[in-house]
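Please read these notes with the structure open beside them. They go point by point.

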Amino acid sequence: MGFEYSDPQNAARVANELVTRILNEDLRDRTSRATDTTKFLAREMQRLQAESSAVEAKIAQAKIAPARPASRTSSDQTATQLAQLRAELAQKSAIYSDRNYQIQALKRQIEAMEKVAPKPAAASTAPESAQPPDLDALETQQKSIQANLDIATQKLAAARLGETLERDQQSEKLEVIDQPTQPQEPFRPNRPKIAGIAAVLALMFGGGIAVASELLGRAIRRNSDLYGVVDRELVISIPYIYTQSELRQRRKRIWLSVVIIVVLLIGLAAAAYWFLPPLDLIIAKAQVGLFR
């Protein structure tokens with residue numbers, strides 16, 4: 001990401017502001033997703049708690065339904081179960097709040113047992129042929145709901161941990177590889193590039209003029225030009241004969257060219273070492289698309 005402007009201070013300020021906004025937006029988006037996940041799992045857990053409480057109430061009713069209203073033993077058992085549930089409710093109320101699913105389940109069981117508890121006035125009118133609910137099916141359903149509730153509890157704990165990490169900025173997030181700083185020299189126009197293009201155009205233009213003058217000129221420079229003036233049989237070519245001094249000068253020029261090339265390569269390597277950024281930083285910028 002970059003920002004171009006004529007004022008270097010404003011360019012650096014705007015670039016830093018853009019980076020800050022991008023990081024804040026990324027944090028807000030990740031935190032929002034984590035919060036939505038937590039809320040969804042919390043609603044799912046409340047739904048499973050409600051189903052579990054309803055099944056527990058049905059199980060309590062199923063255990064009480066087979067009792068005969070006229071039986072003194074059944075009344076005693078009901079009273080004993082109610083006393084046990086009330087004692088368990090009092091014990092857990094000292095530990096958990098009223099919104100806890102265990103407290104709510106106990107209250108529903110107590111209310112269900114109080115509703116179906118045998119009453120002397122209505123004992124003779126209770127139908128003996130009423131079929132109690134299937135206790136085994138209810139217990140199986142209760143185990144399934146409890147297993148789902150345990151899984152939902154674990155997922156909710158993990159989601160809350162992830163939400164906390166996102167809020168504390170301790171999870172995976174965007175990282176700034178190279179912090180925007182105030183530029184020390186203008187980015188454009190690229191003066192070395194312009195100078196290079198101008199030099200190439202000048203060479204091409206000069207070469208074009210030389211070629212045009214060579215093609216259009218009437219001076220004698222080649223054998224074909226000479227043959228057009230005099231008879232071919234009167235012209236003979238004599239090869240150039242090098243002297244020992246010229247051969248020594250030629251060898252010196254070759255060695256001098258080799259030395260110059262080696263020195264230039266060493267100079268380029270030293271300049272790359274001192275003026276270019278580290279290779280790992282160049283690779284990192286290229287991977288994230290920041291290298292230009």
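Predicted model: local features only at pLDDT ≥ 70, side-chain atom pairs only at ≥ 80, totals over all residues.

1. Residues are numbered from 1 along each chain as its sequence is written, and side-chain values use heavy atoms, with hydrogens and water left out.

2. There are two aromatic pairs. Rings of Phe, Tyr and Trp (its six-membered ring) pair if their centres lie within 6.5 Å; planes under 30 degrees apart count as stacked, over 60 as edge-to-face and the rest as tilted. Tyr240 and Tyr242 are edge-to-face, because their ring centres are 4.9 Å apart and their planes stand at 75 degrees. Tyr273 and Trp274 are also edge-to-face, with centres 5.3 Å apart and planes at 85 degrees.

3. Accessibility is relative: buried means under 20%, exposed over 50%, partly exposed in between (1.4 Å probe, protein chains only). Tyr240 counts as exposed because its value is 56%, while Tyr242, at 48%, is partly exposed. Both Tyr273 and Trp274 are exposed.

4. The charged end of Arg250 sits over the ring of Tyr242, 5.9 Å from its centre. The rule asks for NZ of Lys or CZ of Arg within 6 Å of the ring centre and within 35 degrees of the ring normal.

5. Val176 is partly exposed, at 35% relative accessibility. Val176 touches Val19 and Leu23, leaving aside residues up to four places away in sequence; contact means heavy atoms within 4.5 Å. Val176 and Leu23 are 153 residues apart in sequence, yet their C-alpha atoms are 9.0 Å apart in space.

6. Trp255 is exposed, with 63% relative accessibility.
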